[in-house]
Amino acid sequence: MQKRWKRLFAFFLLLSFLLASCTGDRQYSERGYAMGAYISISAWGNMPQGLLGEITGLENQISHRIVDSQVSRASRGEAVEISAALENALTLCGELTERTGGRFDITLLPVTQLWHFDEGGALPNGEALSAALMQVGYSQCVSLQNGVLSLPKGGLDLGAVGKGMACDLAISRLREAGGHGIVSVGGSIGLLSGEGSGEYRIGVRDPFVKNGEGILSVISLAEGFVSTSGSYEKYFEAGGIRYHHILDATTGRPAQGELVSVTAVASSGALSDALSTALFLVGVEEGLALCAQYGAEAIFVSQDGTCVATKGLSGKLEMAEGWEVVYR
Amino acid sequence: MIKRLDLVILAGALLLAGLLGLLLFQGEGATLVVEINGTVVEKISLSSLQEETKYSYETPSGRIEILADREGAEILSSGCENKLCVKSGKIKKNGQSILCLPGRTVLRLEGAEEAPLDGVTG
């Protein structure tokens, strides 16, 4: 009888081991708000402590909405020592300004402030817009030397790159901690692979379906960064015309191209974030060339419902019913 | 030598493990998760609601009122300025969510049929 109980005990021990092994790596998750966005972090294996606080710390450095941020201080005429991450992001943005013929420009702050998109949006006065445009231009506004930033005029709006920078920060901390997982800051996503993580499945929002209820495609990626810019995200209507928030810095007005959304896949969050806006501004043809320059991939969705993706995404996209993609 | 009683015990243990597994991992109906400031403040099993039910929470942008029934949930009123969350309408499918950024509030439908996505961009 005693032997029988021993066998039973051994069986349950084995069963416990089997059940325990089914759960795999321990999963951690953290959610919160920073950078005006909902942040979600899911990690396996290990999770660095205080990640949300670090992202808020980054926001405190780079947001023009925060009075003492490095960017705000620079716009008040101070020469400010900035972090390497900010320096890299600014350099990237300056390069994108050049490569987009000035349509992408983070010195657009005097103009974006006139549109009041944060408060629901309003049409700016034409004269005020012209005057504000005189304050815009990366090459004349940004002076960056040995990690010191000064702004002879104007101000910086890092809305096109900030969420991607936050993804970079979080993924880098996750890598240092020896974990792997997925970080989502607003619509920007960072993916880090690890043992047994396989490929992550990222849904790309259907720009024609209200309330974010539809997915046009699912991208399968083991690692990388994904960001989307769309004219449906923030807009207002006046006089029967819809004004969206992606402004062309050469006109100070919403981009008039054929696109409704662009999703960029790149090797860094800052690049995917900034690139998605830049690609939206330049359109499909120039956008494909821009992707090639950065070794990035993209999905372009036009107002007529056509969808073009870079060839590198071939085999990685699962299109939703009713959607077709042309790889170029 | 394995005796007949051993086999009976083994079969019983397997049955017990199976039942436990079913209890632990079986799918549930949709659950409405209410999250404020990054903290889950309430989980409501929609299948348990007998009628339309109102819930009210204090958020960083004032009071928010939610209407839930067995079908889904919506935000009826919010203290935020832009009311985008109220305009979002009703969520009915697992995986859908309503976000009120000023109120730092998320309403999310979770359940067994949730789309197997790790994230959504856009």
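Predicted model: local features only at pLDDT ≥ 70, side-chain atom pairs only at ≥ 80, totals over all residues.

User: How do you know that the predictor is confident in chain A?

Analyst: The confidence score, pLDDT, runs from 0 to 100. Chain A averages 92, and 91% of its residues score at least 70.

User: What makes β4(A) and β5(A) a pair?

Analyst: Two strands pair if there are at least two bridges between them. Strand β5 (residues 148-150) of chain A and β4(A) have 3 bridges, in the antiparallel sense, so they are a pair. Leu144(A) has Leu149(A) of β5(A) as its bridge partner.

User: Why are β3 and β4 of chain A called edge strands?

Analyst: The open sheet has 3 strands in the order β3-β5-β4 (chain A), with antiparallel pairing. Its edge strands are β3 (80-81) and β4 (143-145), as each pairs on one side only.

User: Which residues make the contact between α2(A) and α8(A)?

Analyst: Helix α2 (residues 51-62) and helix α8 (residues 162-176) of chain A pack at about 140 degrees, their axes 10 Å apart. The crossing is right-handed. From α2(A), the contact includes Leu51(A), Glu54(A) and Ile55(A); from α8(A), it includes Gly162(A), Met165(A) and Arg173(A).

User: What makes up this contact of α2(A) with α8(A) by class?

Analyst: There are 8 nonpolar, 1 polar and 2 charged residues. Gly counts as polar, while Glu and Arg count as charged.

Conventions
Residues numbered from 1 in each chain as written. Chains lettered and ligands numbered in written order. Heavy atoms only, no water. Axes fitted to C-alpha atoms, helices over the stretch in contact; angles between N-to-C directions. Helix = DSSP H or I, 4+ residues; strand = E, 2+ residues; numbered from the N terminus. Left-handed = near helix turned anticlockwise from the far one by under 90°. Contact = heavy atoms within 4.5 Å.
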